[in-house]
Amino acid sequence: MARRVVTRDHLAGVARAALGAEHRLTGVSRLRGGSKKGVYRLTFDDDSTAIVYIWDDAENYWPPAQLDEAENHANPFSHASGIDLFEAAHRRLDALGIRTPRIHLADRSRSHYPADIAVVEDVPGATLEALLHQDPHGVKVPLSRLADALGAMRRHRGPGFGKVALIDNGGISQGHSCEQVVLDRALDDLAEAASRDIRIAGVRDRLEDMVRGLAAAVRPRSEYGLIHGELGPDHVLVDRHGHPVLIDIEGLMFFDVEWEHAFLRLRFGEHYRWLHASDLDEQRLTFYTLAMHLSLVAGPLRLLDGDFPDRDAMMGIAEHNLQQTLAFLR
């Protein structure tokens, strides 16, 4: 797919609509890391800044099959991208008092730009990931506040499981339980990983038996908390007052909170102790951890079928999680 080069001229109208003519746009720079939407920093003549999200196929590095399923909100694990998901998630988090960048403009009209766009606050400060590297002992305050936010989300119950945008519109997700949805996804990810790596292929039957066995041990549940879905320290900004600010929120959904904690434990490592919850179902968490590792093998390898630029990082994620998957068999 041809990638659009976004310039100041392309976003001048967006900037005026969001912040007014008194702010003259002087620069546009694309931020690294996004795989589903374009993320750009706008710089103005008074040195103020803002962030633009662009939901456009030309900004999305995932293969076409993933893009085609993006509108299927009934699948909890369908491609989490789009302004509808963003706005629904923002409203829900804002109602809970959980900080996300303020929205200056959300526009579907395509009168300012030929795609859905949102202009949001550029939160001054670093990501939590950067702070953990710079001063791992000096981040107790934002980690503690993040734990409080996660607790509020965990206690906030939904009438069913699924994406917030779907639930808010009275929709019902595919599948009869979270664990069944995770099982189906894990088996798909296992099949894909086995087709791409001989090490997984050699133990596919053993891994499938383990996945099914762990799923069978999970007790039924009918309560669902609110989860971000992909909350690594790179998806948490820290403002100048030490408050965590959640970004990349389109995947927000009601689901088993163990799915969130499987990812948190993986991404935060030793710092997960600040975020640990004492009321988790350990059997469910073990099952979801293996399913998460399989997802983080198959997903990055699938992304690398295209022209995603940070290829070494994606390959590193796939390899690390492949080794963690194999460790389940030892």
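**Loop residues, helix packing and an open sheet**

Asp47 has a relative accessibility of 69% and therefore counts as exposed (over 50% relative accessible area; buried is under 20% and partly exposed lies in between, with a 1.4 Å probe and protein chains only). The model is predicted: local features need pLDDT of at least 70, side-chain atom pairs count only at pLDDT 80 or more, and totals for chains, interfaces and linings use all residues. Residues are numbered from 1 along each chain as its sequence is written, and side-chain values use heavy atoms, with hydrogens and water left out.

**Loop residues**

- Asp47 belongs to the loop that joins strand 2 (38–44) and strand 3 (49–55); helices (H or I, at least four residues) and strands (E, at least two) are DSSP runs numbered from the N terminus.
- The phi angle of Asp47 is near 70°, a positive value in a residue other than glycine.
- Arg110, in the loop between strand 4 (103–107) and strand 5 (116–121), also has a positive phi, near 60°, and is likewise a residue other than glycine.
- With 47% relative accessibility, Arg110 counts as partly exposed.
- Ser81 sits in the loop between helix 2 (64–68) and helix 3 (83–95), and at 11% relative accessibility Ser81 counts as buried.
- Leaving aside residues up to four places away in sequence, Ser81 touches Lys36, Trp55, Asn60 and Glu250 (contact means heavy atoms within 4.5 Å).

**Helix packing**

- Helix 7 (residues 178–196) packs against helix 11 (residues 282–303) at an angle of about 40°, with the axes 8 Å apart; axes are lines fitted to C-alpha atoms over the stretch in contact, and angles run from 0 to 180 degrees between N-to-C directions.
- Helix 7 and helix 11 are therefore oblique to each other (under 35 degrees is roughly parallel, over 145 roughly antiparallel, 65 to 115 roughly perpendicular, and the rest oblique).
- Residues of helix 7 in this contact include Val182, Ala186 and Leu190, while those of helix 11 include Phe287, Ala291 and Leu294.

- Three strands form an open sheet in the order 6-10-7, with antiparallel pairing (two strands pair if DSSP finds at least two bridges between them).
- Strand 6 (162–163) and strand 7 (225–227) are at the edges with a single partner strand each, so one side of each has no neighbour in the sheet.
- Strand 7 pairs with strand 10 (residues 253–255) in the antiparallel sense over three bridges, and Leu226 stands opposite Phe254 in strand 10.
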